[in-house]
Amino acid sequence: MPEMFTQLLGSVEKELLEFRQSDKFYFVLGAVAIGLVIPFAASEYVVGEVLTPMIIFMIYASSWNLLAYSGQGSLGHAAFLGIGGFASALLAIKLGLPPVFGLLVGSLFSAGIGLLIGLVCVRLKAWFLAMVTFGFSVIIVTLISQFDSVIGGVMGFPTPLIIERGLPFYYLTFVLAAISIGVMYLLIKSKTGLAFRAIHENEPEAKMIGINIAKYKLLAFVLSTFFAGLAGGLFAQSIRYIQVSVFDPYYSFLPLMMAVIGGLRTIEGPLIGSVIIVTINSYLYKIDDVLQGLMGPLFPNVSNVGPPLRMLSLGLFLVLVVIFLPKGISSLLPKIREYFSEKPKKAKTHEGK
Amino acid sequence: MSGLIETLLWGVANGCIYILLATGLNIIFGVMKLVNFAHGQLLMIGAYVAFVATTALGLNAYLSILVAMAAMAVIGVALERLTFRRVLGTDKLNEIFVSLGLIYVFENAAVLLWGNKWKQIPNPLQGEGLVIGETLLGYDRLVAILIVAAILIALFILLKKTKIGLAMRATSQRSETSMLMGVNIEKVYVFTFALGAALAGAAGALYGILLPFEPGIGALPTIKAFAIIMLGGLGSIPGAVVGGLLYGIAETLAVYFLGGIWQDAIAFALLIIVLVIKPTGLFGEKGE
């Protein structure tokens, strides 16, 4: 482990220097600036119900994506979102820990469970892994219902506050997200990340050149579940109230959709996906009345055609993206950049001649 | 005691539905090396098709099984052509993503078409049964078991005695070699997927006859079918039959002795224990 750590630090320095010189730097700077300024332009409701969840899901989707880097996939990531949420809230309520501390311990707890589950999963491939992770999320719901007298998860309970809701909570989330995503970025660019990618590309070959597959897969699992737990702790605070419904498969599929639609195995993919899906979920209901007027008579069995139509479109969207844009929306970014920088480039080649 | 015997019969009947579903998944996996996580949603759509056939068209509940199978075969052809064929051979995760998207499409299409209230297919045999002492062995469940047995025998003959069955078995062993031997693999793939979907349709019609259903019921049967395939070993049909029966019985016994909330967790606990000991399943030779 220590040698991996020094390796990591060495590559971090180099990576930061390179990053500073690339034009990505200004892009990121711009995104951070927008993230810092936008709450002032938005109403209290938008900050609390749209922007904050968007940032939290960025952490969550990125954590899922980190796992995908190492060639693993999870259909039960909601287990860790829920464990992080329940653990941080319960630590604060039952033991009186300060909520910030609870957040950290909750994430560590999630990573601990992740380690145990990861130990089972390192030997499993693609759909076996998908099934087992899904299975664990079902088992955890059963256990929480079984020990309801201690946990109180079936009815749920209000979560304690770290910090005042609204702008302060938004900025706390923003800072934590920036740190988490930065750490994940550096990790992916480091030798550890290289090992992850090697395992994903070709496991037998990775093994042949001396990569300890089990170690790196487990590392990816633990780190991913740590960040999922962190997202869970924040999520529990942002929705004010935690309940077993947080383990719903919907929350397991959400980070997957965000990562895939945005661009799997890219740093910006899950962030783009989170912006798209949270925006869709927060605003698309406004056209429900119009849809009901247009389509209502066609489907007399439902009182409101809006929600099922929205979910159906989301599923269709995912299928279409996988088929026609397998690298996600982020693969369009270089094309857009090319389009805008076409003229200066032409000018340059002219000079060269 | 009579309660236990009735429970066992329910377990075997449920197990039979899972066997049909698992066999469909298993054939598709064996031939195409494709995993369709939306397979349970095909079961759900099949149940609705049978429901419409019995209530709107006035068909007998058991004849509606054939309607459901035909309808699902058509949907299966469309699915294979439009979605799965395009991602076959790319990253394995892409198949999982496509089928997850299809789950949303099917479930919400069903909500739109039929609403989300619980329904059950009206069945002439409901409530009647063989009375032995205090035990009531429902005819509906006994007939369901016989139907599944008949379908499995027909499937076995199809696979072992017909030309298309031979082509399917050849493709499942070495797809490239069978292509060289003149097998039209694309046709085999379409047929296989349609067959798997038809089996899911039959499973759905039986589900709708025995149990109430709504658009969200598909997810758990998929998972259970997977558990059965993993218990029985990938690609092995007899393995799936044994796995399915064991599974159906284990599940109903868990509910009988431990209570309803354990129904699903027990299944996964079993699955995870098996996979920890043997990552390729109980009877599986070689996982991919």
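Trainee: What forms a salt bridge with B:D140?

Mentor: B:R141 does, and the closest N and O atoms are 3.8 Å apart. Bear in mind that this is a predicted model.

Trainee: Why is the pair B:R141 and B:D140 called a salt bridge?

Mentor: The rule wants a side-chain nitrogen of Lys or Arg within 4 Å of a carboxyl oxygen of Asp or Glu. B:R141 and B:D140 come in at 3.8 Å, so the pair passes the 4 Å cut-off.

Trainee: Why is B:R141 called buried?

Mentor: Buried means under 20% relative accessible area. B:R141 has 4%, so it counts as buried.

Trainee: How many salt bridges does the structure hold over all chains?

Mentor: Six. Another one joins B:E186 to B:R85, with 3.5 Å between the closest N and O atoms.

Trainee: What makes the B:E186 and B:R85 pair a tie between parts that are apart in sequence?

Mentor: B:E186 belongs to helix 8 (residues 185-210) of chain B and B:R85 to helix 3 of chain B, so the bridge ties together parts that are 101 residues apart in sequence.

Trainee: And why are B:E186 and B:R85 called partly exposed?

Mentor: The class runs between the 20% and 50% cut-offs. B:E186 has 47% relative accessibility, so it is partly exposed, and B:R85 falls in that class with 25%.

Trainee: Which residues do salt bridges with shared partners join into one network?

Mentor: B:E80, B:R85 and B:E186.

Trainee: Over in chain A, what forms a salt bridge with A:E49?

Mentor: A:R240, with the closest N and O atoms 3.6 Å apart. A:R240 sits in the loop between helix 11 and strand 2 (241-242) of chain A, while A:E49 is in helix 3 (residues 44-69) of chain A, so this pair links parts 191 residues apart in sequence. Both ends are partly exposed: A:R240 at 41% and A:E49 at 35%.

Trainee: Is A:R265 buried or partly exposed, and why?

Mentor: Buried, because its relative accessibility is 19% and the cut-off is under 20%.

Trainee: What about A:L223, buried or partly exposed?

Mentor: A:L223 has 23%, so it counts as partly exposed. This leucine is found in helix 11 (residues 213-238) of chain A. Beyond its neighbours within four places in sequence, A:L223 is in contact with A:L66 and A:L187.

Trainee: Now the interface. How many residues of chain B are in contact with chain A?

Mentor: 44 residues of chain B are in contact with 44 residues of chain A. The two chains bury about 4,100 Å² between them, with 83% of it on carbon and sulfur atoms. B:F97, B:Y104 and B:L112 supply 20% of the area that chain B buries against chain A, more than any other three residues.

Trainee: Which element of chain B gives the most to the side that touches chain A?

Mentor: Helix 4 of chain B, with 18 residues. By class, that side of chain B has 33 nonpolar, five polar and six charged residues.

Trainee: Why is B:T83 called buried?

Mentor: B:T83 has 9% relative accessibility, so it counts as buried against the under 20% cut-off. This threonine lies in helix 3 of chain B. Its contacts outside four places in sequence include A:V319 and A:I323. A polar atom of the B:T83 side chain also lies 2.7 Å from the backbone oxygen of B:L79.

Trainee: Last one: what does the model score?

Mentor: ipTM 0.85 and pTM 0.85. For chain B, the mean pLDDT is 84, and 96% of its residues reach 70 or more.

Notes: Residues are numbered from 1 along each chain as its sequence is written. Chains are lettered from A and ligands numbered from 1 in the order in which they are written. This is a predicted model: local features need pLDDT of at least 70, side-chain atom pairs count only at pLDDT 80 or more; totals for chains, interfaces and linings use all residues. Side-chain values use heavy atoms; hydrogens and water are left out. pLDDT is the predictor's confidence in each residue, from 0 to 100. Contact means heavy atoms within 4.5 Å. Buried area is the accessible area (1.4 Å probe) that two parts lose on being put together, summed over both. Helices (H or I, at least four residues) and strands (E, at least two) are DSSP runs, numbered from the N terminus. Ala, Val, Leu, Ile, Met, Phe, Trp, Tyr, Cys and Pro count as nonpolar, Asp, Glu, Lys and Arg as charged, and the others, Gly among them, as polar. Buried means under 20% relative accessible area, exposed over 50%, partly exposed in between (1.4 Å probe, protein chains only). A polar contact is a pair of N or O atoms within 3.5 Å; within protein, one must be able to donate a hydrogen and the other to accept it, and residues adjacent in sequence count only if both atoms are side-chain atoms.
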